[in-house]
Amino acid sequence: MSALILDGKAVAKHREQQLHTAVEKLRADGGVKPVLATILVGSDPASATYVQMKANACERVGMGSVRVDMPQATTTDELLAVIDQLNRDSDICGILLQHPVPAQIDERRCFDAIAIAKDVDGVTTRGFGLMAMGEAAFGSATPAGIMTLLRHYDIPLAGKHAVVVGRSPILGKPMAAMLLNANATVTICHSRTVDLAQQVARADIVVGAVGQPELIKAEWISAGAVVVDAGYHPGGVGDIEKTGLAERVAALTPVPGGVGPMTINALISQTLDAALQR
Ligand code: NAP
């Protein structure tokens, strides 16, 4: 048996065509042009690439994007002032603050300053709370993209045991909440988890969100599991070791071309939703 490839690149491309049509329809109906504002603080090359990829995706589907670049030495107050300005700007439908920001900045305060109606990357505490309670809210983009990918391939979630490795505010925690909302039984693992191998071995669905290359070993994962790898490291390596996995598991996300394109897709999709909600 060879695993089903959860092809995020292909799914995102297909969804971009639908988004393009929806943006055209919105404009033809006299609606606003969806515009995403991206804020990049500092000059980290990977972050700069991610921001550019998000702007490119906006362009492909006919949305606008406005880029704000701020220096490495930016203070929390300076960043808050920019967010406040974008919150008030009626041309802007969504705001993306690229994570991570330099260490001197209070990232949580800045995320939470984003107006809930423009929180298309799903990073605010309020948005997380609403989502976790099953109320309407924009989901954190990476887990929201993963959920779209799992649903696209009709991966059964209800009653399944999902093990999420990582508990960050933008990935692990919202991922766990979304899987719980989809009626999975969820275990969250982190750096203090005792015997990670044993936890992972119990999973029907494994989500790797640790930020360390191949920390999760292929041999830990049960035959027939669904494997979702959010990690991306130099050399095309993810957070999950893939050696021999494709022959044993039911489905897996490739790295690259799995979770990454779906994250961007969730972001632009939610930017359109924000424009529609105007
Ligand atoms: P993060 O903020 O660094 O969080 C990492 C999490 O992994 C933490 O909860 C940490 O536990 C846990 N962890 C670290 N070492 C561990 C260990 N030995 N055993 C078990 N858990 C451990 O990272 P993140 O922002 O969530 O990102 C995670 C990964 O996803 C990264 O590879 C990142 O590049 C990727 N990512 C991809 C996208 C995309 O669009 N494709 C978007 C965002 C992130 P503690 O809480 O105990 O410290």
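1. A polar contact is a pair of N or O atoms within 3.5 Å; within protein, one must be able to donate a hydrogen and the other to accept it, and residues adjacent in sequence count only if both atoms are side-chain atoms. Across the interface of domain 1 and domain 2, one residue pair is in polar contact, both at pLDDT 80 or more.

2. This is a predicted model, with residues numbered from 1 along each chain as its sequence is written. Local features need pLDDT of at least 70, side-chain atom pairs count only at pLDDT 80 or more, totals for chains, interfaces and linings use all residues, and side-chain values use heavy atoms, without hydrogens and water.

3. An automatic or database domain assignment gives domain 1 (30-122) and domain 2 (141-260). Five residues from domain 1 and four residues from domain 2 make the contact (heavy atoms within 4.5 Å).

4. Across that interface there are zero salt bridges (a side-chain nitrogen of Lys or Arg within 4 Å of a carboxyl oxygen of Asp or Glu). The whole structure has six.

5. One is arginine 60 with glutamate 16, closest N and O atoms 2.8 Å apart. Arginine 60 is in helix H2 (residues 45-60), glutamate 16 in helix H1 (residues 8-28) (helices are DSSP runs, H or I, at least four residues; strands are E, at least two).

6. Aspartate 229 and lysine 242 also pair, at 2.5 Å, N to O. Aspartate 229 is buried at 1% relative accessible area; lysine 242 is partly exposed at 25% (buried is under 20%, exposed over 50%, partly exposed in between; 1.4 Å probe, protein chains only).
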